[in-house]
Amino acid sequence: MTDFDRIFKQALEEYQITLDDYAVARFCKYNDLLVEWNEKINLTALTEPHDVAQKHFIDSLMLLRYADIPRGASLIDVGTGAGFPGLAVKIARLDIQLTLLDSLQKRIGFLEKVCTALELDGVTTIHSRAEDGARTELRDSFDFATARAVAPLNILCEYCLPYVKTGGSFLAMKGKTAEEELLQSQNALEQLGGRLKNIHSFPLGDAGERGIIEIEKLSPTPEKYPRKSKQIKNKPL
(Lines give C-alpha, C1' and ligand atoms only; values in the text may rest on other atoms or scores of the structure.)
Protein backbone atom coordinates (compact mmCIF):
# COMPACT_ATOMS: atom_id res chain seq x y z
CA MET A 1 0.00 0.00 0.00
CA THR A 2 1.40 3.39 -0.99
CA ASP A 3 1.39 6.43 1.29
CA PHE A 4 -1.32 8.02 -0.80
CA ASP A 5 -3.47 4.89 -0.74
CA ARG A 6 -3.28 4.79 3.07
CA ILE A 7 -3.90 8.52 3.52
CA PHE A 8 -6.83 8.57 1.10
CA LYS A 9 -8.50 5.58 2.75
CA GLN A 10 -8.12 7.26 6.15
CA ALA A 11 -9.69 10.43 4.75
CA LEU A 12 -12.62 8.48 3.29
CA GLU A 13 -13.22 6.91 6.68
CA GLU A 14 -12.93 10.25 8.48
CA TYR A 15 -15.50 11.90 6.22
CA GLN A 16 -17.71 8.79 6.07
CA ILE A 17 -17.49 8.42 2.31
CA THR A 18 -17.90 4.92 0.90
CA LEU A 19 -16.18 3.92 -2.36
CA ASP A 20 -15.61 0.48 -3.84
CA ASP A 21 -12.10 -0.85 -4.42
CA TYR A 22 -12.18 0.01 -8.13
CA ALA A 23 -12.95 3.66 -7.39
CA VAL A 24 -10.19 3.85 -4.74
CA ALA A 25 -7.70 2.37 -7.21
CA ARG A 26 -8.74 4.94 -9.82
CA PHE A 27 -8.23 7.79 -7.36
CA CYS A 28 -4.75 6.47 -6.55
CA LYS A 29 -3.88 6.36 -10.26
CA TYR A 30 -5.36 9.85 -10.71
CA ASN A 31 -3.06 11.10 -7.93
CA ASP A 32 -0.02 9.50 -9.58
CA LEU A 33 -0.81 11.15 -12.91
CA LEU A 34 -1.51 14.51 -11.25
CA VAL A 35 1.87 14.53 -9.52
CA GLU A 36 3.67 13.33 -12.66
CA TRP A 37 2.06 15.86 -15.01
CA ASN A 38 2.39 18.70 -12.53
CA GLU A 39 6.14 18.60 -13.12
CA LYS A 40 5.48 19.48 -16.80
CA ILE A 41 2.51 21.84 -16.61
CA ASN A 42 1.03 23.89 -13.78
CA LEU A 43 -2.00 21.90 -12.62
CA THR A 44 -2.03 22.46 -8.87
CA ALA A 45 0.01 23.99 -6.06
CA LEU A 46 -1.00 21.04 -3.87
CA THR A 47 0.80 17.76 -4.52
CA GLU A 48 1.46 16.34 -1.03
CA PRO A 49 -0.61 13.16 -0.46
CA HIS A 50 -2.60 14.65 2.44
CA ASP A 51 -3.42 17.79 0.45
CA VAL A 52 -4.52 15.94 -2.69
CA ALA A 53 -6.58 13.46 -0.69
CA GLN A 54 -8.37 16.03 1.44
CA LYS A 55 -8.35 19.37 -0.40
CA HIS A 56 -8.93 17.99 -3.89
CA PHE A 57 -10.55 14.54 -3.74
CA ILE A 58 -12.58 14.67 -0.51
CA ASP A 59 -13.64 18.27 -1.15
CA SER A 60 -14.89 17.28 -4.62
CA LEU A 61 -16.70 14.19 -3.33
CA MET A 62 -18.63 16.23 -0.78
CA LEU A 63 -20.67 17.47 -3.74
CA LEU A 64 -22.34 14.07 -3.83
CA ARG A 65 -23.25 14.27 -0.15
CA TYR A 66 -25.10 17.56 -0.44
CA ALA A 67 -26.44 17.60 -4.01
CA ASP A 68 -29.11 15.14 -5.15
CA ILE A 69 -27.77 14.14 -8.56
CA PRO A 70 -30.07 11.55 -10.20
CA ARG A 71 -28.74 8.48 -11.96
CA GLY A 72 -27.59 9.23 -15.50
CA ALA A 73 -27.66 13.01 -15.01
CA SER A 74 -25.51 15.28 -17.18
CA LEU A 75 -22.93 17.51 -15.47
CA ILE A 76 -20.57 20.13 -16.89
CA ASP A 77 -17.55 21.25 -14.86
CA VAL A 78 -16.74 24.79 -16.02
CA GLY A 79 -13.10 25.83 -15.70
CA THR A 80 -12.31 22.33 -14.48
CA GLY A 81 -8.52 22.79 -14.26
CA ALA A 82 -7.04 19.47 -13.14
CA GLY A 83 -10.53 17.92 -13.01
CA PHE A 84 -11.96 19.13 -9.71
CA PRO A 85 -14.69 18.54 -8.81
CA GLY A 86 -16.02 16.94 -12.03
CA LEU A 87 -13.62 14.08 -12.64
CA ALA A 88 -13.56 13.09 -8.98
CA VAL A 89 -17.37 13.00 -8.96
CA LYS A 90 -17.35 10.85 -12.12
CA ILE A 91 -14.99 8.28 -10.57
CA ALA A 92 -17.40 7.88 -7.66
CA ARG A 93 -20.51 7.94 -9.86
CA LEU A 94 -19.79 6.25 -13.19
CA ASP A 95 -23.42 6.74 -14.30
CA ILE A 96 -23.02 10.52 -14.58
CA GLN A 97 -22.49 11.92 -18.08
CA LEU A 98 -19.62 14.36 -17.56
CA THR A 99 -18.32 17.26 -19.65
CA LEU A 100 -15.04 18.90 -18.64
CA LEU A 101 -14.52 22.41 -20.04
CA ASP A 102 -11.30 24.39 -19.71
CA SER A 103 -9.62 27.26 -21.57
CA LEU A 104 -6.13 25.72 -21.55
CA GLN A 105 -5.39 22.95 -24.05
CA LYS A 106 -2.58 21.52 -21.90
CA ARG A 107 -5.02 20.87 -19.05
CA ILE A 108 -7.47 19.26 -21.47
CA GLY A 109 -4.64 17.03 -22.67
CA PHE A 110 -3.95 15.97 -19.11
CA LEU A 111 -7.61 15.19 -18.45
CA GLU A 112 -7.84 13.09 -21.60
CA LYS A 113 -4.80 11.07 -20.50
CA VAL A 114 -6.39 10.51 -17.07
CA CYS A 115 -9.69 9.36 -18.58
CA THR A 116 -7.86 6.93 -20.86
CA ALA A 117 -5.68 5.58 -18.05
CA LEU A 118 -8.69 5.13 -15.76
CA GLU A 119 -10.82 3.63 -18.57
CA LEU A 120 -13.63 6.10 -17.96
CA ASP A 121 -16.54 6.21 -20.41
CA GLY A 122 -19.10 8.99 -20.68
CA VAL A 123 -16.61 11.87 -20.38
CA THR A 124 -16.37 14.68 -22.95
CA THR A 125 -13.50 17.18 -22.84
CA ILE A 126 -13.87 20.62 -24.43
CA HIS A 127 -11.21 23.27 -24.96
CA SER A 128 -13.06 26.58 -24.70
CA ARG A 129 -13.46 29.72 -22.67
CA ALA A 130 -16.58 29.52 -20.51
CA GLU A 131 -18.30 32.50 -22.13
CA ASP A 132 -17.68 31.07 -25.63
CA GLY A 133 -18.84 27.55 -24.84
CA ALA A 134 -22.13 28.91 -23.50
CA ARG A 135 -22.93 30.25 -26.98
CA THR A 136 -22.73 26.83 -28.65
CA GLU A 137 -24.96 23.76 -28.58
CA LEU A 138 -23.84 23.33 -24.95
CA ARG A 139 -26.22 26.11 -23.87
CA ASP A 140 -29.28 24.99 -21.89
CA SER A 141 -28.21 21.35 -22.21
CA PHE A 142 -27.06 20.14 -18.76
CA ASP A 143 -28.91 18.96 -15.67
CA PHE A 144 -26.10 20.39 -13.54
CA ALA A 145 -23.17 22.75 -13.90
CA THR A 146 -20.43 23.06 -11.31
CA ALA A 147 -17.31 25.13 -10.74
CA ARG A 148 -14.72 25.28 -7.99
CA ALA A 149 -12.44 28.19 -7.07
CA VAL A 150 -12.87 29.96 -10.41
CA ALA A 151 -14.31 33.42 -9.62
CA PRO A 152 -16.65 35.30 -7.22
CA LEU A 153 -20.18 33.92 -7.29
CA ASN A 154 -21.84 36.81 -9.16
CA ILE A 155 -19.28 36.38 -11.96
CA LEU A 156 -19.43 32.60 -11.81
CA CYS A 157 -23.22 32.61 -12.25
CA GLU A 158 -22.90 34.43 -15.56
CA TYR A 159 -20.36 31.91 -16.79
CA CYS A 160 -22.22 28.81 -15.61
CA LEU A 161 -26.01 29.29 -15.50
CA PRO A 162 -26.34 29.54 -19.32
CA TYR A 163 -25.23 25.90 -19.56
CA VAL A 164 -28.02 24.64 -17.27
CA LYS A 165 -31.44 23.45 -18.43
CA THR A 166 -34.48 25.12 -16.91
CA GLY A 167 -35.20 23.03 -13.83
CA GLY A 168 -31.55 22.09 -13.41
CA SER A 169 -29.03 23.44 -10.91
CA PHE A 170 -25.69 25.20 -10.71
CA LEU A 171 -23.52 23.86 -7.87
CA ALA A 172 -20.89 26.41 -6.84
CA MET A 173 -18.12 25.11 -4.58
CA LYS A 174 -16.85 27.84 -2.29
CA GLY A 175 -14.81 28.53 0.81
CA LYS A 176 -15.74 30.39 3.96
CA THR A 177 -16.98 33.42 1.96
CA ALA A 178 -19.92 31.47 0.49
CA GLU A 179 -22.69 33.31 2.34
CA GLU A 180 -21.09 36.71 1.78
CA GLU A 181 -20.73 36.02 -1.95
CA LEU A 182 -24.34 34.89 -2.10
CA LEU A 183 -25.54 38.20 -0.65
CA GLN A 184 -23.62 40.03 -3.36
CA SER A 185 -25.11 37.84 -6.11
CA GLN A 186 -28.84 38.52 -5.77
CA ASN A 187 -28.97 40.76 -8.84
CA ALA A 188 -27.00 38.25 -10.88
CA LEU A 189 -29.41 35.45 -9.94
CA GLU A 190 -32.41 37.57 -10.86
CA GLN A 191 -30.94 38.64 -14.21
CA LEU A 192 -29.76 35.14 -15.18
CA GLY A 193 -32.87 33.12 -14.29
CA GLY A 194 -31.60 31.54 -11.07
CA ARG A 195 -32.76 31.24 -7.46
CA LEU A 196 -31.05 29.96 -4.33
CA LYS A 197 -32.14 26.41 -3.57
CA ASN A 198 -29.72 25.41 -0.82
CA ILE A 199 -26.47 26.42 0.82
CA HIS A 200 -24.42 23.83 2.69
CA SER A 201 -21.37 24.40 4.88
CA PHE A 202 -18.93 21.83 6.20
CA PRO A 203 -15.47 21.82 7.80
CA LEU A 204 -12.63 20.28 5.79
CA GLY A 205 -9.74 19.78 8.19
CA ASP A 206 -6.97 22.34 7.80
CA ALA A 207 -8.64 23.62 4.61
CA GLY A 208 -11.18 25.33 6.85
CA GLU A 209 -14.86 25.97 6.19
CA ARG A 210 -16.21 24.98 2.79
CA GLY A 211 -19.54 25.81 1.17
CA ILE A 212 -21.70 24.42 -1.62
CA ILE A 213 -24.25 26.83 -3.06
CA GLU A 214 -27.04 25.21 -5.09
CA ILE A 215 -28.79 27.58 -7.48
CA GLU A 216 -31.90 26.38 -9.26
CA LYS A 217 -32.47 27.46 -12.88
CA LEU A 218 -36.02 28.82 -13.00
CA SER A 219 -36.06 30.25 -16.52
CA PRO A 220 -33.80 30.46 -19.58
CA THR A 221 -30.88 32.87 -19.28
CA PRO A 222 -31.42 35.89 -21.56
CA GLU A 223 -29.51 35.67 -24.84
CA LYS A 224 -27.31 38.67 -24.02
CA TYR A 225 -25.58 36.62 -21.31
CA PRO A 226 -22.83 35.65 -20.93
CA ARG A 227 -21.16 38.85 -22.00
CA LYS A 228 -17.51 39.08 -23.05
CA SER A 229 -15.08 38.15 -20.28
CA LYS A 230 -13.79 41.72 -19.89
CA GLN A 231 -17.33 43.02 -19.37
CA ILE A 232 -18.17 40.28 -16.90
CA LYS A 233 -15.12 41.07 -14.78
CA ASN A 234 -15.25 44.86 -15.06
CA LYS A 235 -19.02 45.22 -14.57
CA PRO A 236 -20.26 42.17 -12.65
CA LEU A 237 -24.02 41.82 -12.30
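Pro226 is located in the loop that joins strand 7 (209–217) to helix 10, and the peptide bond leading from Tyr225 to Pro226 is cis, with omega near 0°. Helices (H or I, at least four residues) and strands (E, at least two) are DSSP runs, numbered from the N terminus. The model is predicted: local features need pLDDT of at least 70, side-chain atom pairs count only at pLDDT 80 or more, and totals for chains, interfaces and linings use all residues. Residues are numbered from 1 along each chain as its sequence is written, and side-chain values use heavy atoms, with hydrogens and water left out.

**Backbone features in loops**

A cis peptide bond also runs from Phe84 to Pro85, with omega near 5°. Pro85 belongs to the loop between strand 1 (74–78) and helix 4 (86–92). Glu119, although not a glycine, has a positive phi of about 55°; this residue sits in the loop between helix 5 and strand 3 (123–127).

Axes are lines fitted to C-alpha atoms, for helices over the stretch in contact, and angles run from 0 to 180 degrees between N-to-C directions.

| Helix pair | Angle | Axes |
|---|---|---|
| Helix 1 (residues 3–14) and helix 2 | about 125° | 10 Å apart |
| Helix 2 (residues 21–38) and helix 3 | roughly 125° | within 12 Å |
| Helix 2 and helix 5 (residues 105–117) | about 150° | 10 Å apart |

Angles under 35 degrees count as roughly parallel, over 145 as roughly antiparallel, 65 to 115 as roughly perpendicular and the rest as oblique. With axes 10 Å apart at about 125°, helix 1 is therefore oblique to helix 2. The crossing of these two helices is right-handed, a term for the near helix being turned clockwise from the far one by less than a right angle (left-handed if anticlockwise). In this pair, Phe4, Asp5, Phe8, Lys9 and Leu12 of helix 1 meet Val24, Phe27, Cys28 and Asn31 of helix 2, where contact means heavy atoms within 4.5 Å. By class, this contact has six nonpolar, one polar and two charged residues. Ala, Val, Leu, Ile, Met, Phe, Trp, Tyr, Cys and Pro count as nonpolar, Asp, Glu, Lys and Arg as charged, and the others, Gly among them, as polar.

Helix 2 and helix 3 are likewise oblique to each other, and helix 2 passes helix 3 in a right-handed crossing. Phe27, Tyr30, Asn31 and Leu34 of helix 2 make this contact with Val52, His56, Phe57 and Leu61 of helix 3. Its residues comprise six nonpolar, two polar and no charged.

Helix 2 and helix 5, by contrast, are roughly antiparallel, and their crossing is right-handed. Lys29, Tyr30, Leu33, Leu34 and Trp37 of helix 2 are in contact with Lys106, Gly109, Phe110, Lys113, Val114 and Ala117 of helix 5. This contact divides into seven nonpolar, one polar and three charged residues.

**The largest pocket**

The largest pocket has a volume of about 560 Å³. Among the 29 residues lining this pocket, Val78, Gly79, Asp102, Ala149 and Val150 are the closest to its centre. On a 1 Å grid over the protein atoms alone, a pocket is an open set of points where a 1.4 Å probe fits, with protein on both sides within 12 Å along at least five of seven lines; lining residues have an atom within 4 Å of a point. Grid points are joined across faces, edges and corners, and the volume is the space filled by probe spheres set on the points.

Helix 3 (49–66), strand 2 (97–102), helix 6 (130–133), helix 7 (153–160) and helix 10 (229–234) each supply at least two lining residues. Helix 7 gives the most, with three residues. By class, the lining has 13 nonpolar, eight polar and eight charged residues.
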